[in-house]
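The following paragraphs lead the reader through selected features of one structure. Please keep the sequence and the model at hand while reading.

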Amino acid sequence: FDYWYPVDLRVSGKDLLRNHLAMCLYTHAEIWRDSPRLWPRAIRTNGHLLLNQQKMSKSTGNFLLLSTAIQTYGADAVRFALADAGDAVEEDANFSENTADKAVLKLYNLAVNAEALKTAKLRNRDPDGIWWFEMAIENEMRSVVEQAKKAYDRLQFRDALQYAFFDMQKLRDTYANWCRLVGVEPLEDLTMAMLRTQVLMMSPITPHICEHIYANIIEHMADRGGDNKPATAVEKKGTTPKTYSETWKWPEVKAPDPVLSSAFNFLQNALNSFREQLYGGTAKQGAGRADRNSNDPTADATNSPLNLPTRARIDVVVTEAPLRTTVIEMVRRYTIQRENGMIALPTDFLTRLKSHVLSDSFLRPKVKEILQIAAYIRGRVESGDGGALRVGLPFDQREVLEQNREYLLASLNLEDVRINICDPYAADAATGMERGHKERRRNIKKQRNDPSCGKPTIVLDSCQT
């Protein structure tokens, strides 16, 4: 009895919530009134399974046998599509044959790209350190691992798939693109750590392809030597593990640095904004340092718009908008400190804040804007963002841009960029928030892409030297 109790997890259909599952809780609570430790620890319910957004029915022919699905798409692709089908109790999960069909190619490409690492040119870690961008990528990988673990613990497999496959793949592609643009060989231990981490996180969903990649690629790379050797399947006395996955454990990584993560997101958002401002979002990625330095006469014509300046100025605002600072100070008065150290806001927070603003003749004209800012801050607080009530940014914007100067130049097809620190709110300290706010509104009308704290803008220099 003690071996099987308490029940860690009971999984059943949502149609049994009001009867069988409810009685399960009542029965345990009645029998073991004085022993709550024997009550079920968790109950997981799921809806019905749709096929291509339609109810399965033999009479209409809309059904799919599991054996047929496996023969058509393979076990891993079927599991991939099932994980993507959805986990919400309110709506039924949907098995999409289109998703399963695409999963075949996605998993194939995962294996092919991993296989290419056997012959890829990779560099060893420099004792003097690594690039800032590589440190940020490593930190983002830790964040993905943390989010995927939470999703698995909550049995939210669609979210787990999003983190373990899509977000991790995007991270690997971002790093490969950075290496191409900057003109450096990928770091071997970081490259293999990302692949191994993705394989371990995906193994509950797609175990067969993960087993293949681990046994034939990760182990092969480990045999090349180095400090990045993974744990292998260890043969115990009298037994031999059938698969490497028998020895796998969840990736052990350090806690992600939220400041570095914020700086990385700032860089990526700024770069996307720069592309939009310069080329309307239609320009291709830069050719990279190696290609730009080549003697190919067609390289510049292909990758750079003709007759456009190759130098630019980036305007960076380091001071928070006065109105936003005022709102943050007001929101702080309503915060509640929870036992776990996290902060929270009361449910009637916006109603109370609105009453306060309307009672102030100075703030009343800005009530709509204040409530919009407050609602955004509340969302960040509810998501667990520890910097939601911070005034300004926790990192130096200029330093982040300087650290990634070569990346910016190559991505934007520029030869030089100048970073300019500007402060449109400098006069506010002397003139007050009201005048500063009006000046800010006039600036927005004059210039559509007006810079603000955390959102730099870029302007091409018309004078070439």
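Helices (H or I, at least four residues) and strands (E, at least two) are DSSP runs, numbered from the N terminus. Axes are lines fitted to C-alpha atoms, for helices over the stretch in contact, and angles run from 0 to 180 degrees between N-to-C directions. The model is predicted: local features need pLDDT of at least 70, side-chain atom pairs count only at pLDDT 80 or more, and totals for chains, interfaces and linings use all residues. Residues are numbered from 1 along each chain as its sequence is written, and side-chain values use heavy atoms, with hydrogens and water left out.

The axes of α3 (residues 75-84) and α4 (residues 97-116) come within 8 Å and cross at roughly 120°. This angle makes α3 oblique to α4, a term for angles that are not under 35 degrees (roughly parallel), over 145 (roughly antiparallel) or 65 to 115 (roughly perpendicular). Contact means heavy atoms within 4.5 Å; on the α3 side, Asp76, Ala77, Phe80, Ala81 and Asp84 meet Thr99, Ala100, Ala103, Val104, Lys106 and Leu107 of α4.

A sheet is considered next, in which two strands pair if DSSP finds at least two bridges between them. Three strands form an open sheet with mixed pairing, in the order β9-β6-β10. Its edge strands, β9 (416-422) and β10 (457-460), each pair on one side only. On average, neighbouring strands of this sheet are turned by 25° against each other, direction ignored. Strand β6 (residues 311-317) and β10 run antiparallel and are joined by four bridges; Asp315 has Thr457 in β10 as its bridge partner. Helix α9 (residues 258-279) packs on the sheet, touching β6 and β10, and its direction makes about 35° with that of β10. Helix α16 (residues 405-412) also packs on the sheet, where it touches β6, β9 and β10; its direction makes about 115° with that of β9.

Buried means under 20% relative accessible area, exposed over 50%, and partly exposed in between (1.4 Å probe, protein chains only). Helix α12 (residues 322-332) is mostly covered, with eight of its eleven residues buried; among them are Leu323, Val327 and Val331. Asn139 lies in helix α5 (residues 132-153) and counts as buried because its relative accessibility is 2%. Leaving aside residues up to four places away in sequence, Asn139 touches Pro256, Asp257, Leu260 and Ser261.
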